Amino acid sequence: MSDKKVLTLQDISCMGQCSLTVALPIISACGVETIILPSAVLSTHTGGFKGYTFRDLTDDIPLIMNHWMSEGIKFDCLYTGYLGNIRQIDYVHDLKKNLMKENALFIADPAMADFGNLYAGFDRKFVKSMAQLCGYADIILPNITEAAFMTDSEVILDNHSEEYIDMLLSKLASLGCKAIILKGICYNDKEIGIVYYDCLTNKKEHYFTEKINTTAHGTGDCYAAAFTGSLIKGFTPFDAARLAADFVVECIKHTVNDKEHWYGVKFEQALPMLVSKLNK
Ligand code: PXL
């Protein structure tokens with residue numbers, strides 16, 4: 001029996017603890033073989049550094065794909081994160097068609113916005129394209145801002161009502177995805193949580209953790225990587241969603257008191273906790 005292989009397409013932000021520089025170590029630490037397809041190389045992420053470089057690798061995507069096809073290489077899971085432009089989104093369809101085994105899982109994290117704002121360089125057209133891509137996914141992992149943007153809804157960042165969350169879930173489901181993990185749900189100011197929603201059965205399961213009052217970069221990427229690794233290791237989607245939430249809290253706790261570490265979370269120090277809970 002061969003071990004499962006995850007292909008992940010997202011950028012390398014050389015400095016900044018996000019996208020591939022967290023996905024590869026985290027999924028690998030889960031014990032899962034991780035194949036990377038870098039969609040761009042940036043000197044840093046775009047969320048606070050000034051004057052970053054951006055080497056677009058869009059044209060390499062079909063070349064790398066064609067080589068893998070000629071080698072007969074196929075994957076059990078495709079996990080997409082930050083994508084730099086609409087052409088990259090279009091190539092995801094080709095990767096899915098040409099490199100995935102039958103019944104492979106497609107996990108789409110529409111990493112493009114947070115705290116009510118789009119990341120630098122994205123516009124309405126990109127959001128629309130990302131929403132369409134999410135329609136083809138088995139599981140999508142939007143935060144509240146991304147969910148609201150993809151469904152043309154009002155962005156409400158805290159004090160959520162159940163009606164608001166249900167409205168977002170129902171509009172996201174109508175994109176066509178099979179399941180949703182909606183992140184950043186706050187029904188009160190002490191807890192923050194996720195909901196796992198199965199679009200086929202309408203089953204909804206919540207999980208809450210303590211809310212630490214800070215804004216942390218890259219936590220969505222840490223969440224998606226821990227979720228993907230745990231799911232491929234055999235956890236149910238809801239158990240993987242819970243473990244990923246606990247992991248992110250641990251990452252934030254290791255970071256929150258270090259004012260100089262504003263650009264990411266010290267996920268490395270939380271990896272032992274993730275691995276030990278995975279192996280319990
Ligand atoms: O963490 C998401 C992310 C990934 N990649 C790049 C980013 C960001 C968020 O700002 O700028 C390049």
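Q: Which residues lie nearest the centre of the second largest pocket?
A: In this predicted model, local features need pLDDT of at least 70 and side-chain atom pairs count only at pLDDT 80 or more, while totals for chains, interfaces and linings use all residues. Residues are numbered from 1 along each chain as its sequence is written, and side-chain values use heavy atoms, without hydrogens or water. A pocket is an open set of points on a 1 Å grid over the protein atoms alone, where a 1.4 Å probe fits, with protein on both sides within 12 Å along at least five of seven lines; lining residues have an atom within 4 Å of a point. The second largest pocket has 13 lining residues, and those nearest its centre are Thr-214, Thr-215, Thr-255, His-261 and Trp-262.

Q: How many residues lining the second largest pocket are charged?
A: Asp, Glu, Lys and Arg count as charged; Ala, Val, Leu, Ile, Met, Phe, Trp, Tyr, Cys and Pro as nonpolar; the others, Gly among them, as polar. The lining of the second largest pocket holds five nonpolar and six polar residues. Its charged residues number two.

Q: What is the volume of the largest pocket?
A: Volume is the space filled by probe spheres set on the grid points, which are joined across faces, edges and corners. For the second largest pocket, this gives about 150 Å³. For the largest pocket, the volume is about 1300 Å³.

Q: Which residues are closest to the centre of the largest pocket?
A: The largest pocket is lined by 50 residues. By class, 23 are nonpolar, 18 polar and nine charged. Closest to the centre are Asp-114, Phe-115, Ala-216, Thr-219 and Gly-220.
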